[in-house]
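User: Hi! I'm new to this one and would like a quick tour. Could you put it up for us?
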Amino acid sequence: MNSQSLFKQHFQHSAVSSSEAHGRVNLIGEHTDYNKGFVLPTLIEQKIEVSLSPRLDSKIVGISEEFGEKTVISDSNTDGTWIDFVRGALYYMAKEGQLIKGLNIAVASSIPTGSGLSSSAALEIAILRALCQMVGYELSSTKIAKIGQLIEHNFIGTFCGIMDQMSSSKSKFGQVLFLDCENLNTEIVPIFEDYTFIIIHSGSTRKLSEGLYNERKRETEIATKFLSISSLRYAEISDLNIIKDPKIFRRARHVITENDRVLKAVQFLKDNNAQAFGNLMNESHISMDKDYEISSPELNHIVKTAQSYGALGARLTGAGFGGCTVVLSSNNRRDNIIKKILEHCPKSYLVTNIGQNIAPSKNE
Ligand code: ADP
Ligand code: MG
């Protein structure tokens with residue numbers, strides 16, 4: 001059901017504003033964003049839609065197809081449920097001078113949650129877009145992304161970087177967003193012509209606010225303290241010898257090598273060199289498995305199966321600890337690779353394919 005129908009069914013009247021935002025898949029550059037590094041996401045067709053109307057009292061009454069009903073008083077408290085995203089959005093709209101007393105909201109989504117496809121950022125962006133539309137207020141796509149990140153930090157408790165929000169707010173279909181997470185400079189690069197990125201879910205999910213993500217962030221902060229630098233963006237492998245803790249050493253090595261891989265991957269994308277791009281994806285997966293320790297047996301199994309049936313590259317995507325893989329294949333091998341993965345990895349399922357000829361043609 002779309003969010004407008006859900007809204008009408010639940011609240012018995014039509015919504016006054018509706019908006020949407022897409023999920024994203026990161027092609028390479030994992031856990032580099034909060035280290036002020038480089039990332040390379042692109043949109044997926046799956047999206048979150050929200051419909052809203054203002055209320056005269058100060059309640060937030062929400063219905064999510066997936067997460068159920070919730071009624072709270074609109075304040076800056078949190079209770080660990082999805083309605084915290086709405087509380088956060090209202091809080092930051094008020095900071096923009098847009099005081100919204102209460103709200104009815106319906107949420108419908110096709111993005112698998114807790115899977116590395118960034119349902120949380122899509123939810124933030126969709127709510128903020130719909131609120132802006134409702135009150136007739138304009139926020140730039142970068143400002144919306146920054147507010148989304150603040151909601152995530154201060155109302156959800158996930159101390160994420162800016163990739164997910166920038167991607168969901170700024171990207172367009174069929175194009176890859178090369179983002180520098182230090183200065184938010186972006187460059188749009190077209191996706192490969194004769195190759196497909198296949199997104200396969202491992203069948204297991206995780207909730208980022210439950211701690212492992214923040215733990216990795218803390219570990220990289222420890223590394224920067226050892227190295228007396230502001231972020232790992234400014235470190236080189238040869239600097240790491242002074243870090244005696246082997247775990248912190250490995251975490252830092254992942255970030256440094258991953259940043260380097262993103263820079264090379266952008267060039268390979270521009271050169272239409274899918275083979276070399278795929279090799280970087282394979283290296284990235286090993287680094288995430290061994291150095292950053294964010295993979296899982298299911299993710300490793302999908303990656304190995306994809307590689308053994310002729311994929312050019314395969315890696316887990318998103319924060320890890322479950323969720324999705326991204327596989328790069330030539331268009332003519334694509335269907336067989338998908339078939340073999342689904343056969344060999346029983347919990348896995350196909351989320352979407354991304355390529356020039358199969359990407360949805362319009363941005364929302
Ligand atoms: P990811 O962003 O990778 O999907 P997160 O753990 O960051 O995973 O965010 C998932 C959380 O986002 C969910 O637990 C829920 O609070 C919120 N969320 C996602 N989709 C919806 C939805 N359709 N309705 C309500 N809340 C949602
Ligand atoms: Mg998220």
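Predicted model: local features only at pLDDT ≥ 70, side-chain atom pairs only at ≥ 80, totals over all residues.

User: What happens at the start of α1?
Analyst: There, Asn2 has a side-chain oxygen within 3.2 Å of the backbone nitrogen of Gln4. As for what comes after the helix, α1 is followed by Gln12, which has a positive phi, near 65°.

User: Let's switch to aromatics. How many aromatic pairs does the structure hold?
Analyst: It holds 10 aromatic pairs. One of them joins Phe38 and Phe178: the ring centres are 6.0 Å apart and the planes are at 35°, so this pair is tilted.

User: Where do Phe38 and Phe178 lie?
Analyst: Phe38 is in strand β2 (residues 38-39) and Phe178 is in strand β7 (residues 175-180), so the pair ties together parts that are 140 residues apart in sequence. Both residues are buried.

User: What about Phe192 and Phe277, what sort of pair do they form?
Analyst: That aromatic pair is edge-to-face, with 5.4 Å from centre to centre and 90° between the planes. Phe192 sits in the loop between β8 (186-190) and β9 (195-201), while Phe277 belongs to helix α8 (residues 274-291), so the pair ties together parts that are 85 residues apart in sequence.

User: Are Phe192 and Phe277 buried or exposed?
Analyst: Phe192 is buried, and Phe277 is buried too. They also belong to one aromatic cluster together with Tyr195 and Phe197.

User: Nice. Now the sheet with β2 and β7: what is the strand order?
Analyst: The order is β2-β7-β8, in an open sheet of three strands with antiparallel pairing. β2 and β8 stand at the edges with a single partner strand each, so one side of each has no neighbour in the sheet.

User: How many bridges do β7 and β8 pair over?
Analyst: Five bridges, in the antiparallel sense. Val176 stands opposite Val189 in β8.

User: Last one: which strands does helix α5 lie across?
Analyst: Helix α5 (residues 163-170) lies across β2, β7 and β8, and runs at about 140° to β7. Helix α7 (residues 246-270) packs on the sheet as well, touching β2, β7 and β8, and its direction makes about 45° with that of β8.

Terms used:
Residues numbered from 1 in each chain as written. Chains lettered and ligands numbered in written order. Heavy atoms only, no water. Polar contact = N/O pair within 3.5 Å; in protein donor to acceptor, adjacent residues only side chain to side chain. Helix = DSSP H or I, 4+ residues; strand = E, 2+ residues; numbered from the N terminus. Phe/Tyr/Trp six-rings, centres within 6.5 Å; stacked < 30°, edge-to-face > 60°. Buried < 20%, exposed > 50% of the residue type's maximum accessible area, 1.4 Å probe, protein only. Pairing = 2+ DSSP bridges. Contact = heavy atoms within 4.5 Å. Axes fitted to C-alpha atoms, helices over the stretch in contact; angles between N-to-C directions.
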